[in-house]
Amino acid sequence: MKTMSNDSENIFSNYGIYDLSDNLELFLPNTSIRFQKISDNAFSYFRENSEGKIIEKIIPVKSDDIKIELAPIRPLNHPARRTNYVFLKFDKEIYLSENSAASIFVHCPIEIGIFLIHNSNHESLDCITCNPLTSRFGLYGTPDTGTLCKYAKVLLASDYDDSISYVNGVMQIVIENTLSFGQTISKVIFPITDNSLYYDKSKTILDGIKITMKKRAVVNIADVKTTSVETDWVLSPTWEDGTTNTTLEMGLE
Amino acid sequence: MPLEFLQSLSEMYIVGELTVLSLLIGGVIMAGGIILAKIAKLLFHKYYAPSLPKDTAQNISKLIYFGILIISFLGFTSSQGIDLSGIMVAGGIFAVVIGFATQSVVSNLISGLFLMVEKPAKHGDTIELPDMGISGTLLDVGTFSSKIRRFDGTITRIPNDKFFTSNIRSLTLSTVRRADVMVGISYESDIEHAISVMRHDIFENMPFVLQIPEPEFRIEELGDSSVNIHVYVWHPRDDWSQVQPVLLTIIKKSLDKSGIEIPYPQRVIWTGKD
């Protein structure tokens, strides 16, 4: 259990669980959050971002046993929820020769969720993006049949500790080329709703993905599957309603 | 006493074998059928329709409602001792006569059925009928007519045969849509710089504009007063209102901020002495 704790490296509030017995203030980059007790059975919630946008809510509660969890969530909700897919465009292309494999780390944008914990149930209260410029859309495919995705240009990371706090998390991508010729990878598109997020203080990591480039009949495809990461970091609660997604097969260009 | 009353009703003949009692029983059957149909429709809408696509839910709802009404009507006719086989034969001839007399009604009915089968647009789709100059949200494809809620909130009823035979432009079938505006900059302005600042400000201020495909800037023409640039941006299909109405505002602010002139219409006049 945490109270208002701060990372020693910055002035911002760490991810984690906070008591809501009385007033509480949380600080994130470009965003301030305030909970205020307005009566025995109600709290007010106030959030303001750097653009001056204000969100206010009243939270009626039945008991005093209320907690707040600040946790990273999947980057699907800003500026509006439109898709389950993420389109990561690598800053540098990756070349894989025939029958070879590689493992890389990339930065993946995240959002931050505020959850109300009541009787061990997590209820989604609000979500925030600390860098709105990473919340953009992109299309994979043609306008009539393509897949709408959240789009981000991402940098390669060195390891799991390389994430930028509150803005992105690190994800491992394993690429396997089973084709009889070399291939260049410059992007990956996948449903991120299958990937869990984990946090430690202000850092985030995500479940990875495995891309297998293979031949099916006469077509070359990239089969994308989620892989779980083994870590002792704290698992983030799920923001979205549980949805089931099938794996995605990207075409090779 | 009630039995005696019913007995007296059964002995009161209206036409032929038709008595007041049998007519009363028929009325009860029909009234019961209508009430049952309404309740069944209500329960379906409350418990099952929310989990179905809206147009499917409406079609099933109509099937339930009219199915119960038809069964009630059959119950009514049999309670009156009416032989339907005779009506069927007469009905065939009658239908031909009625068919000629009510061609448009039949045409609307058949078109309605084809619309339900072909589904060129679903309930809730935003569509445009360019031939009729109508655009809005499709509310219902009914038996004889369809209803469209226009963007000003009014509802237009369109006969199904006109709807079926007209061009239908769907604004919601594609994953994304494109918005475009035209802007003119002065001949003295640097075109590359103008495009660069517009691209930058669109990215920063318009989160619904897609990054792939990228915003496109085409020099449309060297106009009388300005170099005209056509700006094309893509956005998720449901977010037109977040993009098209504000695109020009963002571009105008962007050009103003960078000191790039958007010229007024102007004409250079040379006098004879010059």
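**A proline in a strand of chain A**

Guide: Among contacts in chain A between residues at least 6 apart in sequence, 67% join residues at least 24 apart, a contact being two residues whose C-beta atoms, placed from the backbone, lie within 7 Å. This is a predicted model, in which local features need pLDDT of at least 70 and side-chain atom pairs count only at pLDDT 80 or more, while totals for chains, interfaces and linings use all residues. Residues are numbered from 1 along each chain as its sequence is written, and chains are lettered from A and ligands numbered from 1 in the order in which they are written.

Chain A has 20 strands and zero helices; strands are DSSP runs of E with at least two residues, helices runs of H or I with at least four, numbered from the N terminus.

A:Pro109 counts as buried because it has 25 C-beta neighbours inside 10 Å. The cut-offs are 20 or more other C-beta atoms within 10 Å for buried, 12 or fewer for exposed, and partly exposed in between, with C-beta atoms placed from the backbone. Of the 253 residues of chain A, 35% are buried.

Leaving out residues up to four places away in sequence, A:Pro109 touches A:Pro75, A:Thr134, A:Ala152 and A:Asn168. The C-alpha atom of A:Pro109 is also 8.0 Å from that of A:Arg74, 35 residues away along the chain.

Around this site, the C-alpha atoms of chain A fill a box of roughly 70 × 40 × 35 Å along the principal axes.
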